[in-house]
Amino acid sequence: MLTALLLFFPLAAALLLHFVKGKAGRVFAFGAALLEFLVAVYAAITFNASNTGQLEVNLPWIASAGISFHIGMDGLSLLLVLLTTFLVPLILLASFRHDYKNESAFYALVLFMQTGLIGVFTSMDAFLFYFFWEVALIPIYFLAGIWGGERRVAVTFKFFLYTIIGSLFMLAGFVYLYYQTGPAANGLAAHTSDLQAFYNLSLTAAEQSWLFWLIFIAFAVKMPIFPFHTWQPDTYTEAPAPATMLLSGIMLKMGIYGCLRWLLPITPLGVSQWGWLIMILAVIGIIYGAIIAIRQRDMKRLIAYSSLSHVGLMAAGVFSLTQMGLQGAVVQMLAHGVNVVGMFFIADIIQRRTNTRLIPELGGLTQTTPLLSVSFLVVLLATVALPLTSGFVGEFLLLAGVFQYNNWLGAVAGITIILGAVYLLRMFQRVMLGPATAFTAAFRDLNGAELAVLVPLIVMIFWIGLFPNTFLQMSEPSVIRILSLMQR
Amino acid sequence: MASIILLSVLGIANLFLGFLRSNRMLLPAAMVILLIVFGANVYDWNAPAQSYFNKMLTIDRFSVAFTGIVVLTTLLLLPFSQKYVRDNEANLAEYYSLLLFSLVGAIMMVSYDNMLMLFVGIEILSISMYVVAGSDKRNVRSNEAALKYFLMGSFATGILLFGIALVYGATGAFQLSEIGTAVTNPANDSLRPMLYIGILLMLIGIGFKVSAAPFHYWTPDVYEGTPTFFAAFMSTVVKTAGFAAFLKLLVQAFPAAQDFWIPTIVAMCALTLLIGNVGAVAQQSVKRMLAYSSISHAGYLLIGLVAFNGQLSGLSANGIFFYSLAYSIATVAAFGVLKLVHDQRQREDYDGLNGLARTNPLLAFVMTIAMLSLAGIPLTGGFFGKFFLFGAAVDKGYIGLVVFAVVMSMVGIYYYLRPIIAMYMKPADDDVATPIAVGSFQSAVLFVLALLTVALGVLPGLVSGIL
């Protein structure tokens, strides 16, 4: 029941928010998100790390078609639920600094999206998964489309079409798989869409070969993997800061999670047939994103491309099919979620104060802003993957995994650490150091509300960096199970 | 059966309200009549199947289910007739009564057992529609719509009748079950060509009524000219009844000839999907877009016929039922909002919707739900409608057709998003910034429509396997 509570509580809060008028809406939304986080923490405390799904709810949904409302969590799901519930209150807190038109609707959409995200991370039925996959898309489309920047209409339109078309391929794949299954457990339907039934299928290599692509495209667009990424920089740039944080911090992980939970165990032969190609695409993405990031003048765009580079590495880790690579991907999902939200938040702070996010127009902030400088540096170094910070553990494991797969690919992917240092440190140097400009002359340091967002993020950065085992041991049984399912 | 009698008798009673000059009573009276009919229909659901008039009609679960859709749709649509009522005070009662009578035709179409009843039902429905299409008498477009619909419709009826005659010639029967046995009788093999031509002509006749390509040309023009309220009726009730009649005909009369007509319908289906969706992309008027979209939905429903399983139950019939229901509700919502906008802004293009989310959040919300449902996006009934139909076709092995339909629904997402973008993401022009006045009853009905659409999308199990 706890999973169902986690799933529906944000939705209920979003609906109730309709009746809360004015500024009280923020307090209500934030309170609900915080409560949700506490419930998730409670779930994590009662959780015992093993590979099976726990806290399951399994009810008939469309009994005549063998589709059930089956949710539950294993370690992998739980970590992503924790990430979601941890980031959403912070994202809400971060958005209080803006006076959005009709802000109750804004917060309601964020909470609505949280339901979709948690649904994706906990679904154990293929059609339920697809359902929540789209449910998560609708609010973010409106968030970015209504409250975004000038070019928002065209950009979000492209984003929406791209992702929904990608996911229709996945649906087609699921429908095919559905018709391969045996009778449902309830005896009413000839087929079932339960995850376990999909795991139990024995598909030929030829079937898996094309099923792999049908399912993978949905995930590839969501992550996004080169060359499916063209929607991403524009959308990240045009969306309002909280929506960008949701997109990059959490939504991007839907793609990686989807690969781990659905793609790898269901089409292992497809993965072994096409894995090399995905590895190459991922490594191209790593280098491509990093090189383009170096050339960016817009802070938000730079972070967007750096995110592209990082997600490429996560995908490469997943498709290395080694335990280290998968574990690295899991921990890096958490680390990247924390880091990228911090980066976008700081970019947003700077933009709010100076009305610009163009790097050449900024500079000389360190003298007046010790708190901002320190926070920025910590988040930035975590993104660069400095040891003791969150980024290091993930990238180390990921690169080790990729090296096990292929030395050459590992070596090329390893360049990302150097390139990452180049574009991020250059950005820091040009934004924070040097002489002050007309834009940055009257810059104030962080206030209490901003610190309230950044301090938990920084705590997490060090927690993941210093005690990664907290998280690694949670996901280890799940990862081992995924790899053993692939050995069928 | 009670529904046919009630509708006929109460329809006449409604006509008398016109003589009493009690125009204000017409709408409530019509709604009460429909509620009574709906109640009688629910009662019929639990009764055993029964034939009437020497087996001319059979009221079984299939016919009750589809009667339920057409009555419910009309009931939810009626509240949007209000503005229309004020503008045409002269002969109001006639229009309300025509709608009620046309429902009698629709019910005959979903419960016929004899070709004669099919023909009578189609004619009752169509003749009412010819009249209401031209009900905006002083408007040239409305006159054009009525004339076009009448001329084309008459041809289609003639072709249908010719088809019935040829089928009779080949099988010697009007009764569906007798035709079914005669088709399988080897003694009739020499008459096969005649039978096939008859079936083909019947497909054309009914295909015209449900606006399937290549017999769809009348649809955009007629919808555009017809008053929005009646256009909504055409695109929901007529289509639902048409498809129920289609399915009944194929299941009960021609199951043995499926090798002939399934390929024909597959071709019609692909063509309809292509023309409907691609045609809708190019439109600048929301109403014309909805007209093309109604063509495309005829295409999706045809997939349900392709997934034919020889019964009035199972995946195919249930798929058509669920899709018709979800489509009708979403279409009523879309046309309802469009009509309210048109009444006060005098515009039917996309820009007429600009800024609606600011001035009328409820209208914008309902329109959004309707568009998402028509586009087939989860959380709405339209998604499960497509899902069940596509699933039924995949089950029968028509993977290529389903892939094509999925691609076409991707195209659909493009044009269904345009009203949403206009409402939420574009500022209102100065001249249209005033809020649209919506009566509290209409608001409540719109809310119910949105709620039903979401309910079908979240709990499809409520009605998904009832046949």
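Visitor: How many residues of chain B are in contact with chain A?
Guide: This is a predicted model, where local features need pLDDT of at least 70 and side-chain atom pairs count only at pLDDT 80 or more, while totals for chains, interfaces and linings use all residues. Residues are numbered from 1 along each chain as its sequence is written, and chains are lettered from A and ligands numbered from 1 in the order in which they are written. As for your question, 20 residues of chain B are in contact with 23 residues of chain A; contact here means C-beta atoms, placed from the backbone, within 7 Å.

Visitor: Which elements give two or more residues to chain B's side?
Guide: Those are helix H17 (381-395) and helix H18 (399-425) of chain B. H18(B) has the largest share, 9 residues. Helices are DSSP runs of H or I with at least four residues, numbered from the N terminus.

Visitor: And what is that side like by class?
Guide: Chain B's side has 15 nonpolar, 4 polar and 1 charged residues. Ala, Val, Leu, Ile, Met, Phe, Trp, Tyr, Cys and Pro count as nonpolar, Asp, Glu, Lys and Arg as charged, and the others, Gly among them, as polar.

Visitor: Switching to chain A, what is the angle between H1 and H2?
Guide: Helix H1 (residues 2-17) and helix H2 (residues 24-46) of chain A pack at about 180 degrees, with axes 10 Å apart. That makes H1(A) roughly antiparallel to H2(A), a label for angles over 145 degrees. The axes are lines fitted to C-alpha atoms over the stretch in contact, and angles run from 0 to 180 degrees between N-to-C directions.

Visitor: Which residues meet there?
Guide: On H1(A) they include Leu2(A), Phe9(A) and Leu17(A), and on H2(A) they include Phe28(A), Glu36(A) and Ala43(A).

Visitor: What domains does chain A have?
Guide: The assignment, automatic or from a database, gives domain 1 (1-266) and domain 2 (274-488). Their centres, taken over C-alpha atoms, are 22 Å apart. The contact takes 40 residues from domain 1 of chain A and 46 residues from domain 2 of chain A.

Visitor: Which helix gives the most to domain 1's side?
Guide: H10(A) does, with 13 residues.

Visitor: What about Ile303(B), what is it in contact with?
Guide: Leaving aside neighbours within four places in sequence, Ile303(B) is in contact with Cys269(B), Leu389(B), Phe390(B), Ala393(B), Leu401(B) and Ala405(B).

Technical notes:
Parallel < 35°, antiparallel > 145°, perpendicular 65-115°, else oblique. Contact = placed C-beta atoms within 7 Å.
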